[in-house]
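The points can be read with the model open alongside.

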Amino acid sequence: MEEKSSTVAMVLSFLFTGVGIIYLGNTSKGLGLLALGLICNILGMVLFGFFHYISIIAWIASLYLTYKEGQQTKKVPEPQMRSRVYRVQNNQYRKKYD
């Protein structure tokens, strides 16, 4: 599985609300934000109301959530095995209470 770029996701989310989250793999959350942004933009053009503000808030939320999910998808190398000291202490603990 290829690793997704958080930079590409941020650019996509900057251009279109929620598309960066879809790119990172969370389609339900991304489609929800995309739908919210589109509906609020359309209603804002027709009604000239507070819908533009809601659209801006959804856009900022999309950028923030894309940043957070991009940070979570970065792979952090896990240690292959625990330290010898921990293993020895853990085995002694088990022998003591078994």
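Predicted model: local features only at pLDDT ≥ 70, side-chain atom pairs only at ≥ 80, totals over all residues.

1. Which residue forms a salt bridge with E69? The partner is K29, and the closest N and O atoms of the two are 3.0 Å apart. The count of salt bridges comes to one. Side chains of opposite charge can pair when their charged atoms come close.

2. The overall layout is as follows. The protein chain has five helices and zero strands, and its pattern along the sequence reads α-α-α-α-α. Of the 98 residues in the protein chain, 20% are buried.

3. Helix α3 covers residues 27–47, which is 21 residues. From its first C-alpha to its last it reaches 29 Å, close to the 30 Å expected at 1.5 Å a residue.

4. Where do the buried residues of α3 fall when seen down the axis of the helix? The residues in question are G30, L33, G37, C40 and G44. They fall within an arc of 105 degrees, so they line one face of α3. An α-helix has 3.6 residues a turn, so residues three or four places apart point the same way. On the face of α3 turned away from this buried side are the exposed residues S28, V46 and L47.

5. After α3 comes F48, which has a positive phi, near 50 degrees.

6. Two aromatic pairs are present in the structure. A pair of aromatic rings is described by the distance of the centres and the angle of the planes. One of the pairs is F14 with W59, with 5.4 Å from centre to centre and 55 degrees between the planes. This pair is tilted.

7. What does the pair of F14 and W59 tie together? F14 lies in helix α1 (residues 6–15) and W59 in helix α4 (residues 51–73), so the pair links parts that are 45 residues apart in sequence. The C-alpha atoms of F14 and W59 are separated by 7.6 Å. W59 is partly exposed, with a relative accessible area of 27%.

8. Is the pair of F50 and F51 stacked or tilted? The ring centres of F50 and F51 are 4.7 Å apart and the planes are at 20 degrees, so the pair is stacked. The cut-off for a stacked pair is planes under 30 degrees apart. F51 is buried, with a relative accessible area of 19%.

9. F14 also takes part in a nonpolar surface patch, together with V11, L15 and F16. The area of this patch is about 430 Å². V11 is found in helix α1 and counts as partly exposed, at 46% relative accessibility.

10. Two further contacts along the chain can be checked in the model. I54, in helix α4, is partly exposed at 28% relative accessibility. I54 and L36 are 18 residues apart in sequence, with their C-alpha atoms 8.6 Å apart in space. S5 sits in the segment before α1 and is partly exposed, with a relative accessible area of 29%. The C-alpha atoms of S5 and G70 are separated by 7.5 Å, although the two residues are 65 apart along the chain.

Conventions:
Residues numbered from 1 in each chain as written. Heavy atoms only, no water. Phe/Tyr/Trp six-rings, centres within 6.5 Å; stacked < 30°, edge-to-face > 60°. Helix = DSSP H or I, 4+ residues; strand = E, 2+ residues; numbered from the N terminus. Buried < 20%, exposed > 50% of the residue type's maximum accessible area, 1.4 Å probe, protein only. Patch = residues over 30% accessible without salt bridge, like charges linked within 9 Å, V, L, I, M, F, W, Y side chains within 5 Å. Areas by Shrake-Rupley, 256 points an atom, 1.4 Å probe, with all protein chains shown as cover. Salt bridge = Lys/Arg side-chain N within 4 Å of Asp/Glu carboxyl O. Expected span 1.5 Å × (residues − 1). Arc of directions from axis to C-beta.
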